[in-house]
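Today I want to look at what surrounds the ligand, and then at the pockets.

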Amino acid sequence: METEKEMRYLTFALGKGRLAKKTLELFEQIGITCEEMKDPDSRKLIFVNEELKLKFFLSKGPDVPTYVEYGAADIGVVGRDTILEERRKLYEVLDLGFGACRMCVCGLESARPLLKSQELIRVATKYPNIAKDYFYNQKNQTVEIIKLNGSIELAPIVGLSEVIVDIVETGSTLRENGLVVLEEVCPLSARVVVNQVSMRMENERITKLLGDLNRVISKMTVSQPG
Ligand code: PRP
């Protein structure tokens, strides 16, 4: 007698907020739904789709790569900024396209010459690893990195640092605070990451999922030029 192999749950870690909302919209287009996750008032942290044997949980964005590296989640959706900053062991497998923005060095226009000289300037950022990699390895400029937790644009205005390394999306935060982009570090967007063991053990299901997502994304890119 043939016994059907018990399908285990595939677990997804999603970064709370806008990214999770966009991700769930995308998943719906490939037939993966999780109705109870849409309730904005819910304080529940984990949601199950029994039929498809899927689990979803919402964590802080920077913790998504941690859950995926340790295998507490098989798959994660997270911004490329977080992947670069956290430096976890995982596979980055798909660019979802949304959440597009740029990691930039920003400051007052008057700070521009400081980036050309070899002066020891101060750089405030929520992303010390990205900032270190950019200044030390790519630009060969020794700088002092100051870690902040948000509202990074304040730093050059109040004299904490000469420049910042931060995310620029529409540019309005910079504009409204009299700051400009001085250099671009790298482009960013939402990415799918996969646990290295899960990729082997659940290859068929994960490959199918990525293929489905890829088809939807390609269609969106074709129908929304620019
Ligand atoms: C992010 C980022 C910038 C802003 C960029 O901050 O750190 O401050 O958004 O967006 P914009 O170019 O469209 O103005 P967020 O709002 O996430 O909060 P934070 O400053 O506390 O990090």
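I sorted the shell around the ligand by residue class first: 2 nonpolar, 6 polar and 4 charged. I'm working from a predicted model here, so I'm reading every number below as computed from that model.

Next I wrote down who is in that shell. Lys126 is there, then Gly150, Ser151 and Glu153, and then the run Asp166, Ile167, Val168, Glu169, Thr170, Gly171, Ser172 and Thr173.

Which elements supply at least two residues each of the shell? I found strand E9 (163-168) and helix H6 (172-176). E9 gives the most, with 3 residues.

Then I checked polar side-chain atoms against the ligand's oxygen atoms. For Thr173 I get 2.4 Å from a polar side-chain atom to a ligand oxygen. Thr170 has a polar side-chain atom 2.5 Å from an oxygen of the ligand. Glu153 has one at 2.6 Å from a ligand oxygen. How much of the ligand does the protein bury? On its own the ligand exposes 490 Å², and the protein buries 66% of that.

I looked up the largest pocket and noted a volume of about 920 Å³. Its lining has 28 residues, and the ones closest to the centre are Leu19, Asp81, Thr82, Tyr127 and Ile167.

H3 has the largest share, 4 residues. By class I count 11 nonpolar, 7 polar and 10 charged residues in that lining.

Last entry: the second largest pocket, which holds about 450 Å³ of space. I find 17 residues lining the second largest pocket, with Gly17, Met37, Asp39, Pro40 and Leu58 nearest its centre. Which element gives the most to this lining? H1 does, with 5 residues.

To recap for my own use: E9 is the top contributor to the ligand shell, H3 to the lining of the largest pocket, and H1 to the lining of the second largest pocket.

Note on methods: Residues are numbered from 1 along each chain as its sequence is written. This is a predicted model: local features need pLDDT of at least 70, side-chain atom pairs count only at pLDDT 80 or more; totals for chains, interfaces and linings use all residues. Side-chain values use heavy atoms; hydrogens and water are left out. A residue is near a molecule or strand if one of its heavy atoms lies within 4 Å of it. A polar contact is a pair of N or O atoms within 3.5 Å; within protein, one must be able to donate a hydrogen and the other to accept it, and residues adjacent in sequence count only if both atoms are side-chain atoms. Accessible areas come from the Shrake-Rupley method with a 1.4 Å probe; for residues, only the protein chains shown count as cover. Ala, Val, Leu, Ile, Met, Phe, Trp, Tyr, Cys and Pro count as nonpolar, Asp, Glu, Lys and Arg as charged, and the others, Gly among them, as polar. On a 1 Å grid over the protein atoms alone, a cavity is a set of points where a 1.4 Å probe fits but cannot get out, and a pocket is an open set with protein on both sides within 12 Å along at least five of seven lines; lining residues have an atom within 4 Å of a point. Grid points are joined across faces, edges and corners, and a volume is the space filled by probe spheres set on the points.
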